[in-house]
Amino acid sequence: AVVSTQSGHYAGMEEPNCAPLSRRSKMSGKVSSKYSESGLNTSFPSEDLLESEAERLMVKKFAEDLIIAPQSLEPVRGKKKKPKAHLADYFLDFGHVVAGNTCSQTLTVTNNGFFPVSFSVDRSVIVGSGFFLGLDRVRQLPPGETLTFSVTFDPKSIEQGVHSAIVPFNIIGGPIFSLRMQAHVTMPDLFVSSDTLDFGDVKCGECCIITIQLFNNNQVPCSWNSRPSSAAKKEKSTDCDSALIPLL
């Protein structure tokens, strides 16, 4: 099975830097060809085919090791548990996500083999992590068919910082691969070059201007506005009241 990304959806004020799924996209089965200046055909296999061949070699190595050392079978509750090959993991990076907002990615699983494939996803390992996987069990996915599912990260009640989780995909009668997910929970923040403005002595009728700078040192956009504090509002209201002169 091959996992690839399609699109992302973000529920919040600004769209985060959601990185796409890495490792490889949908298997295309094509070979890219390039011709040198001399006219010779220098063909290079695509990245998909290279990774597919790497997985084939991993399964082959696993089978050879199993033949050499059959004692690796571990008894479980009086029975022998059949070991399974572990392939390379997929990595899904949600990037920086603002606390309180939700980020989603749509992924696809494609059966690039010759037989129908069934697999299950162990979602119990990500309970409480903030990651939610919209996939559980799949039975008899035909060859060449694609299944779409969503992965959501909701940082509700999760502390700021980097959070990650790993979900294993167990292919019935085949190897195991995992989906690694990661997200960096952060909050918008704004820094001011000076929090106190001292205009000093200003002559009546003159104008004094002080320039300040605002810095956004975080990885997410920051929106801001300027509002007088409650103390300033109260002081302004008091000044206005004292300026009222009753008519005699």
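This is a predicted model: local features need pLDDT of at least 70, side-chain atom pairs count only at pLDDT 80 or more; totals for chains, interfaces and linings use all residues.

Strand S13 is mostly covered, since eight of its 11 residues are buried.

Two neighbouring strands pair with S13. On one side of the description stands S6, which runs parallel to S13 and is joined to it by seven bridges; on the other stands S12, which runs antiparallel to S13 and is joined to it by 10 bridges. If you follow the chain from S12 into S13, you pass through a hairpin with four residues between the two strands, and in its turn Gly173 has a positive phi of about 75 degrees.

Which residues have the most contacts inside the largest nonpolar core? This core has 30 residues, and those with the most contacts inside it are Phe94, Leu133, Val151, Phe169, Leu179 and Met181. The elements that give two or more residues to the core are strands S6 (90-98), S7 (102-110), S8 (117-121), S9 (131-133), S10 (137-141), S11 (146-153), S12 (161-171) and S13 (176-186). Of these, S13 gives the most, with five residues.

Leaving aside its neighbours within four places in sequence, Phe169 is in contact with Phe119, Ser120, Val121, Leu133, Leu135, Phe149, Pro175, Ile176, Phe177, Ser178 and Leu179. Several names in that list return when we turn to the aromatic rings.

The structure holds seven aromatic pairs. One of them is formed by Tyr90 and Phe177, whose rings lie 5.5 Å apart from centre to centre with 70 degrees between the planes, an arrangement that counts as edge-to-face. This pair links distant parts of the chain, because Tyr90 belongs to strand S6 and Phe177 to strand S13, with the two residues 87 apart in the chain. Both Tyr90 and Phe177 are buried. Another pair is formed by Phe119 and Phe169, which is tilted, with 6.1 Å from centre to centre and 35 degrees between the planes. Here too distant parts of the chain are linked, with Phe119 in strand S8 and Phe169 in strand S12, 50 residues apart, and both Phe119 and Phe169 are buried. Taken together, ring pairs link Tyr90, Phe119, Phe149, Phe169 and Phe177 into a cluster.

How confident is the predictor, and where does the confidence fall? The protein chain averages a pLDDT of 75, and 68% of the residues score at least 70. Among the elements of the chain, strand S9 has the highest mean pLDDT, 94, while strand S2 (residues 31-35) has the lowest, 40. Over residues 9-20 the pLDDT is below 50, although this stretch has 34 contacts in the model beyond near neighbours in sequence. Over residues 23-36 the pLDDT likewise stays under 50, and the model has 51 contacts for them beyond four places in sequence.

Note on methods: Residues are numbered from 1 along each chain as its sequence is written. Side-chain values use heavy atoms; hydrogens and water are left out. A nonpolar core is a set of buried Ala, Val, Leu, Ile, Met, Phe, Trp, Tyr and Cys residues joined through side-chain atoms within 4.5 Å. Buried means under 20% relative accessible area, exposed over 50%, partly exposed in between (1.4 Å probe, protein chains only). Contact means heavy atoms within 4.5 Å. Rings of Phe, Tyr and Trp (its six-membered ring) pair if their centres lie within 6.5 Å; planes under 30 degrees apart count as stacked, over 60 as edge-to-face and the rest as tilted. Two strands pair if DSSP finds at least two bridges between them. pLDDT is the predictor's confidence in each residue, from 0 to 100.
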